[in-house]
Amino acid sequence: MAAGSAIQIPTRLPLLLTHESVLLPGSTMRTSVDSPRNMQLVRSRLLKGTSLRSTIIGVIPNTSDPTSDCDDLPNLHRIGTAALAVQVVGSNWPKPHYTLLVTGLCRFQILQLLKEKPYPVAEVQQLDRLEQFTNGHKSEEELGELSEQFYKYAVQLVEMLDMSVPAVAKLRRLLDNLPREALPDILTSIIRTTNQEKLQILDAVRLEERFKMTIPLLVRQIEGLKLLQKTRKSKQDDDKRVVAIRPNRRITHGRITEDEEEEEDHDDVVMLEKKIRTSSMSEQALKVCLKEIKRLKKMPQSMPEYALTRNYLELMVELPWNKSTKDRLEIRAARIVLDNDHYAMEKLKKRVLEYLAVRQLKNNLKGPILCFVGPPGVGKTSVGRSIAKTLGREFHRIALGGVCDQSDIRGHRRTYVGSMPGRIINGLKTVGVNNPVFLLDEVDKLAKSLQGDPAAALLEVLDPEQNHSFTDHYLNVAFDLSQVLFIATANTTATIPPALLDRMEVIQVPGYTQEEKIEIAHRHLIPKQLELHGLTPQQIQIPQVTTLGIITRYTREAGVRALDRKLGAICRAVAVKVAEGQHKEAKPDRAEVGEGEDCKEHITEDAKPESISDTADLALPPEMPILIDFHALKDILGPPMYDMEVSERLNQPGVAIGLAWTPLGGEIMFVEASRMDGEGQLTLTGQLGDVMKESAHLAISWLRSNAKRYQLTNASGSFDLLDNTDIHLHFPAGAVTKDGPSAGVTIVTCLASLFSGRLVCSDVAMTGEITLRGLVLPVGGIKDKVLAAHRAGLKRIIIPQRNEKDLEEIAAHVRQDLTFVLAGCLDEVLNAAFDGGFAVKARLEHFNSKL
Ligand code: ADP
């Protein structure tokens, strides 16, 4: 490829700074891109999704110290080569980087740097033009003489090489076909030259100067070759990979010269072949690998495909085709491990043990995939880890949240730029055995996109009938996944694709009660946090009341993750105190600050350091153990985040508390209503789904038809509640979409309160679907809802009569704290929701009229 007059480069170019090599016009170079600046350039200028958007970029040799390539832009070399990006290959190993294949077009000079960040862009002037070649200062003859001389040396050099190598023969032809002016650049880039020499050639803008500088390089190369031919006659160069012509250099200053590096590379390929032959891969895989290695041997190293093929073969060798860990399953030991690692969750543990027992007896893994469904932080992942521990297997977690491309699961075909294997094969490579426990985390958050449905790919992975020959697109040969134990987790089954759900056995993991949380904190979380922060129980003491305080006033969650974080914050604060005590003279080190919320905690704590240890003097060691009481809690964690707001919000008519179920666990939900003059319209706000809206209409219709019975009137005293009246119903926490029929009873109660002017009892919560005739139908998620009500300190809970059986699942101590009202119809609901009942006035009226 020659620099010619036809080439017109843009006047603004993004600049790629290269350390290790100098690109000259007419040559092609592969360069590794890993500095943030260059990576940014590749991402935003060269890539469009996963395909290459060919763009001309400026390649500037970075002459400054490579180690100083941090934030500031180094002084730029003024002359560079405009280049066409031909290929980009991305890889994440050993660190994220791209390999860029660029072809040099022509020289340019930087006129002005236009911007530095995120990657430099400069205004440039094109230097190599054909006119320039002929309009030089020297006469044409002189240049002609120089170029003739150069051409002769070039021919001599090429003819010394093995002409049977196709690349050499091609080079010979090129010498005749290319314009002479392009030869110095091209030959300089293929003969052995240092970067410094290449840089000088790049800087030689005048053609005559360029010829003059390259001739000695050619002569040196010819001499070197002559010597090589003499000394290594017997060991003639049979290495067909070598296109570059290199003289023989011995070890200088103890460093290995490039010749040896090349030999090493060759050795590597031989080693790789040996590894392939001795590996235990399947017959089909072996066949493919041997074919690929044959191709690799013939391929010049500079070809981008060389790296791709090599990476592929290395992965194939590394995969655990036949390597597995030995299962050591003993049900009694498994029970002990599960009990030791997790408090409570009896139902889950029981089911897991059953599952393991069946595996032990049947000795194979065919069967449904376990799927743990529950709110975050209830220990789903952690149980998965324990299962791996009991089986003595490796554990690997694959996060599926947000995965929307089936190549994520099944890999990219090798023809794609940046192709790589999918997560399953990657996971196997990471664990190094073919029978790990794979935890497919958050299967409910798989997304769909134009790139195919990842759920469909997962189906093949999870189906025991198919997964013994799972074919990843990258590998393109089958891999046996039948020994892998898959466990899935999700927050809700509603969004798991039905076909996937069908392959799984769902085990519900509900949230914890306060008592369970306290136990979990003291048995597991606190000891873990103490160890993590280098503290001992002799240094810190957290009484149970404090833990309860954290649970009720600083967290509101079904699981224990926020609780764990808060305990971590306490440990950090105490660690500072302890460290201060130990190093009285040394300046206290408080640099270690965690995430946002913890910063606040530290600042508060720093402001009043004496509050934990009850001593104002920082230099004095605090009394051990440091007791975390409510006072200390407030200092470390700040003022309580959740107060018992329930009673305050129920101090006027038209408010009732409902119980809702969300993927994050149960929650209490306030329903508010107000009325105003209008034309009988109903307004609903608070992000409601269709079912919820229907419930609201049902509730109003039922109340209107029963208004007389309950003496409910609108502002003007009419029993037609919507006469000249508008009603507005609001479900606070508007950002969360709410749907489902279970708010029916709450809406009725709330409206009944509004129209009767009576307050709903402040400690009552309710859930249930309603019918037009006033019946209360059963709903789901009772356990989570009851726990949420219990967490919020409510005392009486109205649930549908037909949900009575669900109460058995609730721990006895929670049941003790609560009164349950089992309602079969709305009359019963209203009677339980208002102090003194919501008496039906009909009989009284009847009685009055008799008088
Ligand atoms: P999930 O996967 O359900 O979101 P994790 O498994 O990540 O939750 O659990 C969060 C943390 O809570 C972990 O550190 C885990 O050890 C702890 N944890 C949760 N439940 C229990 C339990 N029953 N006993 C002991 N630790 C628990």
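User: Which backbone oxygen does the side chain of Arg-675 reach, and at what distance?
Analyst: In this predicted model, Arg-675 belongs to strand β19, which covers residues 665-677. Leaving aside neighbours within four places in sequence, Arg-675 is in contact with several residues, including Asn-714, Thr-725 and Phe-755. Thr-713 is also among these contacts. The side chain of Arg-675 reaches the backbone oxygen of Thr-713 at 3.0 Å.

User: How many Å separate Arg-675 and Ala-715 in space, C-alpha to C-alpha?
Analyst: Ala-715 is one of the residues in contact with Arg-675 once neighbours within four places are left aside. The two residues are 40 residues apart in sequence. From C-alpha to C-alpha, their separation in space is 8.5 Å.

User: Does Arg-675 count as buried or partly exposed?
Analyst: The relative accessibility of Arg-675 is 31%. Buried requires under 20% and exposed requires over 50%, with partly exposed in between. Because its value is 31%, Arg-675 counts as partly exposed.

User: Which residues are the closest of those that surround the ligand?
Analyst: The ligand is surrounded by 17 residues. Helices α13 (380-391) and α18 (514-532) each supply at least two residues of this shell. The closest residues are Tyr-343, Gly-377, Thr-381, Lys-528 and Arg-561.

User: What share of the area that the ligand exposes when taken alone does the protein bury?
Analyst: A backbone N or O atom of Tyr-343 lies 2.8 Å from a nitrogen atom of the ligand. For Gly-377, a backbone N or O atom lies 2.8 Å from a ligand oxygen atom, and a polar side-chain atom of Lys-380 lies 2.8 Å from an oxygen atom of the ligand. Taken alone, the ligand exposes 560 Å², and the share of this area buried by the protein is 87%.

User: What is the value of phi for Ala-344?
Analyst: Ala-344 lies in the loop between α11 (331-341) and α12 (346-362). At 9% relative accessibility, Ala-344 counts as buried. Most residues other than glycine have a negative phi. For Ala-344, however, phi is positive, near 55 degrees.

User: Where is Glu-442, and what is its phi?
Analyst: Glu-442 is placed in the loop between β11 (437-441) and α16 (454-462). With 28% relative accessibility, Glu-442 counts as partly exposed. Its phi is a positive value in a residue other than glycine, near 60 degrees.

User: Which residues does the cis peptide bond join, and what is omega?
Analyst: Pro-118 is found in the loop between β7 (97-115) and β8 (121-126). Most peptide bonds are trans. A cis peptide bond joins Lys-117 and Pro-118, with omega about 0 degrees.

Definitions and conventions. Residues numbered from 1 in each chain as written. Predicted model: local features only at pLDDT ≥ 70, side-chain atom pairs only at ≥ 80, totals over all residues. Heavy atoms only, no water. Near = heavy atom within 4 Å. Polar contact = N/O pair within 3.5 Å; in protein donor to acceptor, adjacent residues only side chain to side chain. Areas by Shrake-Rupley, 256 points an atom, 1.4 Å probe, with all protein chains shown as cover. Helix = DSSP H or I, 4+ residues; strand = E, 2+ residues; numbered from the N terminus. Buried < 20%, exposed > 50% of the residue type's maximum accessible area, 1.4 Å probe, protein only. Contact = heavy atoms within 4.5 Å.
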